[in-house]
Structures are given as structure tokens and as C-alpha cells.
Amino acid sequence: MKEMDSQSMERALGLKESISMTIGTVVGVGLFTSGSAQIGYVGTWIIAFTFVALLISIWPALLYAEMSAALPLAGGTYNYTKRGVNRLWANLAGWHYIVSVIAIGAGETLAFANYFKILLRELNINIGYVDSRIIACLLILVFLVLNFKGIEQSGKAQTAFVFFFWGCSILWFLYMIPHIHVQYFGGIAINKLPPFKELMYIFGLIWWCYTGFETSVSLGAEVKYPQYTLPRSLKISVFLVFAVNAIFQWFLVGIVPHEFYGDLVNAVAPYADGLKLAGLAGFPIILLCIGIAFGGDLSTINPGIAAPARYIYTMSKDGALPSFLGRLHKKYKTPYMAVILVGIINIILIATNSIEYIASVSLISLAICYMIGCIAYLGLKKRYPRIRRPYIAPMGSVGAYVTIIIYAFMLVFADRIALLTALIVTILCIIFCLVYTRKKVGIKLTLEEEIGIIEEPTEKVRMKLDKEYSIWKLITIISFFVAIAIYLIPVIV
């Protein structure tokens with residue numbers, strides 16, 4: 001049976017690519033800029049903030065695991081909300097997701113430019129006169145071409161970026177261990193904690209290091225055996241993100257003397273600047289910048305284009321956006337017009353040259369998107385109680401309500417200008433829906449027709465999938481406990 005057009009994209013992504021796409025989106029600009037800079041305010045307590053950020057990300061990740069296994073389509077939250085609530089809410093979720101993930105990519109290109117310039121300076125090549133925005137825009141053009149040529153090419157490149165990042169990171173960790181000072185882990189380097197409102201703002205930026213945990217969901221139409229792959233990638237990714245964040249933050253705390261925390265707060269490249277403040281210039285900065293720029297940053301920019309392009313494509317096919325954005329390239333089977341639009345929005349955000357503003361816009365829009373996703377989860381439970389659900393989230397309905405309350409509370413303390421931006425996006429979306437979208441019929445298919453036939457793996461393939469998942473689980477469990485254990489070392493010593 002022929003599947004609907006939105007499913008005509010090639011299913012080429014496996015578990016490895018799904019995890020690398022997600023990890024690549026999440027681990028990058030947040031960790032290496034605004035997120036870790038908060039160590040300047042909270043010191044060692046960064047681990048507590050990071051752990052709480054993990055806790056409030058697990059439940060929504062599991063909710064998305066259930067929805068993605070049941071509805072493995074491109075467009076993620078948009079499709080879930082269209083079926084679980086209505087098209088207006090679906091459009092609102094789609095617009096905010098697009099803005100947020102593109103913002104992550106835009107912030108990442110600026111982060112790349114900053115670390116790249118530091119790298120060259122350490123190699124005695126000074127390009128400080130070159131505006132970071134020029135480097136960022138050139139980088140966007142490279143990734144537009146990569147995403148234009150197909151998801152399989154993009155997926156392979158993504159895996160390479162992530163493994164390169166891990167390779168450089170492990171080498172850097174080993175080199176830096178002798179330079180760790182356990183006495184630096186003695187609490188916060190300030191007389192008292194900031195006011196609660198400021199603490200919540202700090203926590204929001206640290207939580208931003210987790211946003212994008214559902215990236216693989218937006219690529220649901222291009223994932224092989226999505227009924228197994230998507231839930232597994234979500235469960236693995238959220239814990240791996242914690243491990244990466246916690247380990248990197250541990251090194252920064254152990255390297256930077258407390259008296260330099262004020263400089264760390266305002267650093268555009270906290271890790272490189274932290275090494276300089278600690279008197280560790282030269283090789284450690286070069287290795288770090290190579291890993292962050294050519295591994296961490298590039299692995300975020302790539303899905304930062306691929307994921308929102310799939311949302312735009314899906315919304316276009318459904319009549320929520322102009323039809324030309326729903327064109328697939330005849331040869332590469334990619335939504336090339338949507339990819340081009342993502343590039344244009346990236347360049348607009350890059351022009352602001354403010355990673356902190358971009359971070360605030362991104363975290364607010366994704367929080368809104370996740371809250372709508374939780375509403376969609378509840379709606380799907382009510383409207384489609386008998387739909388096949390290969391994975392069931394534990395206490396899913398409770399988790400949906402809890403997540404909505406927590407994320408709404410977080411938004412109260414977010415940056416006011418970024419909140420105003422989110423309000424403008426919301427108003428524009430509603431106006432566009434009333435003027436344009438409501439006149440379009442959209443895709444009128446039953447849920448079964450929209451999903452199409454999802455192939456079941458053979459016994460041999462199933463065993464291979466299970467073995468791959470077991471390896472990833474073992475890696476994740478080890479990484480998680482190592483990330484916890486290293487914070488106990490200074491206490492024991």
C-alpha cells in the first residue's frame with residue numbers, strides 16, 4: 001500500500017542516527033555558552049540545577065516516546081496536537097517549535113564563530129577583525145547544502161560530528177584531570193545565593209541545555225522501525241545529555257578559581273575563557289576548541305536545520321503554511337524549500353549577535369511547545385483510546401499535568417524581552433491561522449491512513465535492534481553514574 005505523501009520521505013535513520021541527531025541538537029550552544037556560564041553564580045551547585053533539569057525532562061520525554069511510537073510522522077508535536085486538540089493549537093505548537101530549534105541552530109553558529117576565533121588565536125592566527133556573524137552565516141550555507149542533499153547524508157555527517165566531539169572530549173578530560181583542584185568544589189563562591197527570581201532565571205538557562213530532547217520525533221517519517229527506534233532514542237538521549245552536561249561542568253568548576261567567577265558569568269566562551277583565567281592556555285584550549293567547534297557545534301547546527309524543516313514541510317502539506325514550502329526534491333527526497341526558509345530565519349537571528357537573547361527565545365518557545373504537546377497527549381488518550389501504542393509512558397496523564405504546571409511556572413521568571421517575542425510569535429500565528437490556515441482544508445485522512453503501514457522487523461533484524469539498544473543502554477548507565485560519582489570525589493578527598 002502506498003503511504004501518504006508526507007511519508008514518501010525515505011526511512012533511513014536508525015537508533016544511532018536518531019540519538020546523534022538528538023544529542024547533537026541538545027549538547028552545544030547551551031552547555032558551552034549561557035548554561036555553563038551560570039557556574040559564575042552557583043559554583044558547585046550547578047550539579048543540583050542540572051539534576052533537577054533532568055528530572056523535569058524525563059516525563060515529557062517519555063510522553064513523546066509514547067506519542068512518537070504510535071504516530072511516527074514528520075512534524076512531531078504539530079501532528080500530535082492536530083489529532084489530539086485542534087489545528088489552531090497545532091499551528092501554535094509548530095510555530096514555536098520552528099522558532100525555538102532554529103534559534104538553537106543560530107546560537108550555535110555564533111558559538112562556533114567565537115570558539116573558532118579563539119582556536120585560531122591560540123594558533124597565532126588572528127581573525128578578530130572578522131565579524132562573528134559573517135562566519136556564522138557562511139556555516140549556515142554549508143549546512144543548508146548538506147540538508148538539501150538528503151537525510152541519509154545528513155544522518156551520517158551527524159554521527160561523525162558527535163563521535164568526533166566525544167573523541168576530543170575524552171582526550172581533553174584525560175589531559176585536564178591533573179589540573180583539577182578539589183578545593184574549588186567548596187560550595188558557591190559568593191556570600192549568599194541570588195534572589196529566588198534570579199535563581200529561576202539561572203535555572204531556565206541550565207534547563208535550556210536539555211531542550212530539543214525530542215528532536216528525533218520531528219524526523220519520525222524518516223526513521224526505520226520507528227515503533228522501537230523512537231522510544232528508545234528518547235529514553236537514551238535525555239540521560240546522555242545529563243551525563244555530558246554534568247561532566248563538562250565538573251571540569252569547569254574544578255579548573256576555574258573562585259575569584260574569577262565574575263569573569264565567567266560574562267564569558268561568551270566560558271570553557272576557553274575559563275582555561276585562560278586558570279593559566280592553562282595553549283594545547284588544552286586548542287584541543288577544547290577543536291572538539292567544541294567541529295564536534296559539538298556542528299552536531300547542533302545540522303539537526304537545527306533538519307528538524308524545523310520537517311515541521312515546515314508537514315504544516316505546508318496540511319495547508320497550515322503556503323504550499324510551495326511542501327515541495328520535495330525529486331532526486332534527494334528532501335523538503336528543500338522548507339530548508340531554504342530555515343536558512344533565512346537563521347540569518348535573521350544571527351544578525352542579532354546575542355546568544356543570551358537567542359537562548360531565552362528558544363527556551364520559552366520550546367517550553368510552550370512542550371506544554372501544548374502534553375495537552376495533545378491528554379487529547380490523544382481521550383480521542384484515540386484504542387490506537388496501537390507500542391510504548392506506554394508510566395503514569396502518562398499525571399506526567400502531562402505535572403509538566404504543564406512546572407513549565408508554566410518556569411516561564412514566569414523568563415527574560416521579559418524574550419517573553420514579548422514569544423507573545424508576538426503567538427499573536428502572528430493566530431492572525432495567520434484566521435486569515436490563511438482556516439480557509440485550507442488540510443489533509444483529510446483517517447489516522448490509520450495518515451500513519452500508513454509501519455513495517456515490522458524480522459526476527460533477525462529485531463535481535464540486531466535489541467543488541468544495539470542494549471549497548472546504548474550500557475553506555476548510558478555507565479556515563480550517568482560516572483557523572484554523579486565525580487561530584488562525590490571532592491567530598492571523599
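Welcome to the tour. Our opening stop is the largest cavity, whose lining comprises eight nonpolar, two polar and one charged residues. Keep in mind as you look around that this is a predicted model.

**Stop 1: the largest cavity**

**Stop 2: the helices around it**

Now colour α9 (196–207) and α16 (355–383); each of them supplies at least two residues of that lining. Which helix gives the most? It is α9, with four residues.

**Stop 3: a pair of helices**

Next, show helix α11 (residues 226–255) together with helix α13 (residues 270–277). Their axes lie 9 Å apart, and the two helices pack at an angle of about 25 degrees. Angles under 35 degrees count as roughly parallel, so α11 is roughly parallel to α13. As for the hand of the crossing, α11 and α13 cross in a left-handed way.

**Stop 4: where the pair touches**

Zoom in and display side chains on both helices. From α11, pick Phe248, Gln249, Leu252 and Ile255; they meet Pro270, Tyr271, Gly274 and Leu275 of α13. Sorted by class, this contact between α11 and α13 has six nonpolar and two polar residues, with no charged ones. For the lining of the largest cavity, by comparison, the list includes one charged residue.

Definitions and conventions:
Residues are numbered from 1 along each chain as its sequence is written. This is a predicted model: local features need pLDDT of at least 70, side-chain atom pairs count only at pLDDT 80 or more; totals for chains, interfaces and linings use all residues. Side-chain values use heavy atoms; hydrogens and water are left out. Ala, Val, Leu, Ile, Met, Phe, Trp, Tyr, Cys and Pro count as nonpolar, Asp, Glu, Lys and Arg as charged, and the others, Gly among them, as polar. Axes are lines fitted to C-alpha atoms, for helices over the stretch in contact, and angles run from 0 to 180 degrees between N-to-C directions. Angles under 35 degrees count as roughly parallel, over 145 as roughly antiparallel, 65 to 115 as roughly perpendicular and the rest as oblique. A crossing is left-handed if the near helix is turned anticlockwise from the far one by less than a right angle, and right-handed if clockwise. Contact means heavy atoms within 4.5 Å.
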